[in-house]
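Here is a short briefing on one protein chain. It goes from overall shape to a single residue.

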Amino acid sequence: MSVNKRILAVVAAIVLLGWPWLTEDKFLHHIGVLICLTSIAACSLHLIIRTGHVSLCHTAFMAFGAYGSVIVVMQLGMPWPVGLIAGTALAAAVAAVIGPIVLRLTGKYFVLITFLMGEVVRMAIIENSWLTGGSNGIFNVPPPYPFLLSNRAYYYFALGFAVFGVGLCARLLTSEFGRAMDAIREGERLAECSGVPVIRFKVMVFVIACALAGMTGSLQAHYIKFVGPEAYSGFQSLNLVVMNVIGGMTSLIGALLGTVFMVTLPELLRGYVNLQQIMFGAILFATMAFLPGGLVELGRRLRKLLWGRREDAAAAEAGARAGTRASPQAS
Amino acid sequence: MFNATILGQVFVNGVSLSAIYILVALGFTLLFGIMRVVNFAHGEFAMLGAFALFHLIKDYHWPWLIALPVGVVGVALASLVLEWLVFRWFYQRMFESMIGLLGLNMMIMFGAVLLWDVHERNIPSVSSEVLMLGDIIVPVDRLIVVIIALAALAGFYLFIRYTRAGLAMRAAAQDLEIAETQGVNTRRTYKVAFFVAILLAALAGALWGQIYAVSPFLGERPLLMAFVVVILGGMGSIPGAALGGVLLGFTESFVGTFYGAAASAFLSFGVVILLLVVRPWGILGTPET
Amino acid sequence: MTRILSVERLSRSFGGLQAVADLSFDVDAGEILGIIGPNGAGKTTAVNLVSGVIEPTSGKVTLSGHDVTGKAPHVLVEAGLVRTFQATIVYAGQTVRENLLRGAFREIYPGLVATLFGTGRAREARGRADAHVEEVMRWLDLKRVEHSVASGLPYGFQKVLGMGIALAARPRIVLLDEPAAGLSAEETDHVRDTIKLVRERGISVVVIDHNMRFITDLCDRVLVMAQGRELARGKPQEVLRNPNVIEAYLGKRYAQAGH
């Protein structure tokens, strides 16, 4: 890593670790928790997007995790870790079953089918109120551990999981596995003919991503102490997509930037809910129309603008060298 | 349970639902077939059509038969601004259109909330009379809705079949490059197609608002229905939209009456999901190579 | 001579159209086989059938003794057969190095478990990747454009890069789909020389093209296809003189005139 990046990483680490002590405001601690949890959801969705599929039902898997965990804890009287595992496992299981079927669909059909599936899950939650509490949801969900009562304590708890979740995503993306994912996205045929078992990879990514979503669902439910169907609607799934789009769909950092942006902006525009939504809509439109690479591409373009001349010269030189000596030395 | 009267009622409901669904789906499928755009904001234009009708009647006291065409055409004309500002960046860019127009959806929906607040409003009935066909009750204003919808569909059919603009649109939908070399003006064709699509959506919305109620969230259901219809019939296929609309309208009427709204929704969605898996190009669509 | 690839009575129809019918041929180690034919002869379909991109309606494909008929492309890569494409040749937005690293998947991917848990194995995989790609670049003389973005390269270089991606998977046999299509004379020479380099390493090559001269200058044996079937086979010069072949390409009059 370059020096600049190292400094940035250290600063980020300090801010992340010290956040609850940089301010006494409980509400800001709450925002910190939200950012930690939402970042896991956005980054896990990012994995799916990196294989070339945009899922509009990611929050449905959070719902599986949330409801699974809550029901196991409250109805079966199990301790929270069991609930967490149950919720995560449920989300993973559903993903493993439907993944091989829906991941064969291309771009627009995948978006449509996930959109519809998300709706079906939401309707199913509402219809089965004997289990899920229907539209009213389930109240008084207990926290994971009795000592996790303050926002500050929960922040470190959530941060730990966020480091795990986001770290897992980063690990996958920077490995040969990640390279194969990008190859699948950019040239599925080419990748397959280089030996990448495309469907198997897509399903593996999908299951891991949905398991992480399930995990996040459980963490979130036991934090807000409530589960209800509205938190897992297509609209909320869209928000996760927006975070990825704004940040830039081909970079994990983009997903993190998008998360911070989308979680904090509503707080800056408190009380103007409609304006927020209009603004998100406008950003979504503008990004897709003019800057599909998102904030990360914006950063790249700015860097090019400021330091571009050096990079351009190097590229031109390499191209010129390619033009001479057309044939290799065949012995 | 299954006696003639109720079945007759189901049939009448089915006709009115089908007609409106076809109207919404047609515009949606036009935009896809010609400009390769997935208009996630389609429902919002329906909502605007409903609000236009409502305001012209409630605030300007225009008679229904004048308010309807004026309001609907007005929405379509005004939307040409959006065509220039928003839509044209997404032509032939399907993926970007999906997400970008979702953004437009949010902008229009919450803009409407700001302008008009969230309360539901009702459009006064055209007529409170009722027609009796045997034992079947047919409210006159529902009948008028059906007649207008069917007239619009007929008009659309004639337009697409027998006018030069309609021919240009069909050519562009088939193969854009070839159409251009044959002299079709792409930009103008797009604008005409957009106008017609929004006109149909606004009309569908106005009729929907007449039957149900008007609110900024009116557009959600029509959008969902447009998806279902278009996936059933085949994206980009006009006969497909008609077929899909009829299937959905009658299924919803039948299943909804006997088994409840939730069952109807699950069935529709379930079938469409299944279709997407085994035959994503719909009943009348063609698979893309 | 070891038999690497054996294709027996391969057929594929699409609805009513018989795209490939009863195609049979063999390839031994270190051979260069050419498959030529006019456009629409079914050459690319044949390549797709052998490489697993589409399934045959009947027939058999055997690779080094293993039956791989109708298996998915990545299975064929495991068994030692790779192919290039006519249209999507490379990963356009990536550097040459990155393109080759992606092609080397089979060589360097250590598995999901190692990716998640094994820092040692993952690091080792990375080291192997770099060394392997270095070697491919030197072999194909791509080192000088190592960091150039593929879409910025001259078309001929992109074709060579496409071959490089295939070769990075350490195959025993490569199928090249129209490697010289759209190239200038100089670029065609570049591609031909590269193919000879590949054969020098003992890798078998099947070249599909419609350019007669390119094929005859390069291949040991030639198979001519027309309308999905074999029309003629043999040494390049024999095939060129075959009247059926001349008729297929140039029409009856030329064949009768004895050109």
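Chain B has 289 residues and a radius of gyration of 19 Å, which agrees with the value near 19 Å for a compact globule of that length. The model is predicted.

**Overall dimensions and surface**
- The C-alpha trace of chain B spans about 60 × 45 × 35 Å along its principal axes.
- Of the 289 residues in chain B, 54% count as buried.
- Chain B has an accessible surface of about 12,400 Å². Carbon and sulfur atoms account for 67% of that surface.
- Chain B carries 14 positive and 15 negative charges.

**Fold**
- Chain B contains 11 helices and two strands.
- Their order along the sequence is α-α-α-α-β-β-α-α-α-α-α-α-α.
- Take the contacts in chain B between residues at least 6 apart in sequence: 77% of them join residues at least 24 apart.

**Close-up: Ser18(B)**
- Ser18(B) sits in helix 1 of chain B, which covers residues 4–35.
- Ser18(B) has a relative accessible area of 3%, so it counts as buried; the cut-off is under 20%.
- A polar atom of the Ser18(B) side chain lies 2.7 Å from the backbone oxygen of Gly14(B).
- Leaving out residues up to four places away in sequence, Ser18(B) touches Gly245(B), Val246(B), Gly249(B) and Phe250(B).
- Ser253(B) is 235 residues from Ser18(B) in sequence. In space, their C-alpha atoms are 9.2 Å apart.

Notes: Residues numbered from 1 in each chain as written. Chains lettered and ligands numbered in written order. Predicted model: local features only at pLDDT ≥ 70, side-chain atom pairs only at ≥ 80, totals over all residues. Heavy atoms only, no water. Helix = DSSP H or I, 4+ residues; strand = E, 2+ residues; numbered from the N terminus. Rg over C-alpha atoms; globule rule 2.2 N^0.38 Å. Buried < 20%, exposed > 50% of the residue type's maximum accessible area, 1.4 Å probe, protein only. Contact = heavy atoms within 4.5 Å. Areas by Shrake-Rupley, 256 points an atom, 1.4 Å probe, with all protein chains shown as cover. Lys, Arg positive; Asp, Glu negative; His and termini not counted. Charge placed at Lys NZ, Arg CZ, Asp CG, Glu CD. Polar contact = N/O pair within 3.5 Å; in protein donor to acceptor, adjacent residues only side chain to side chain.
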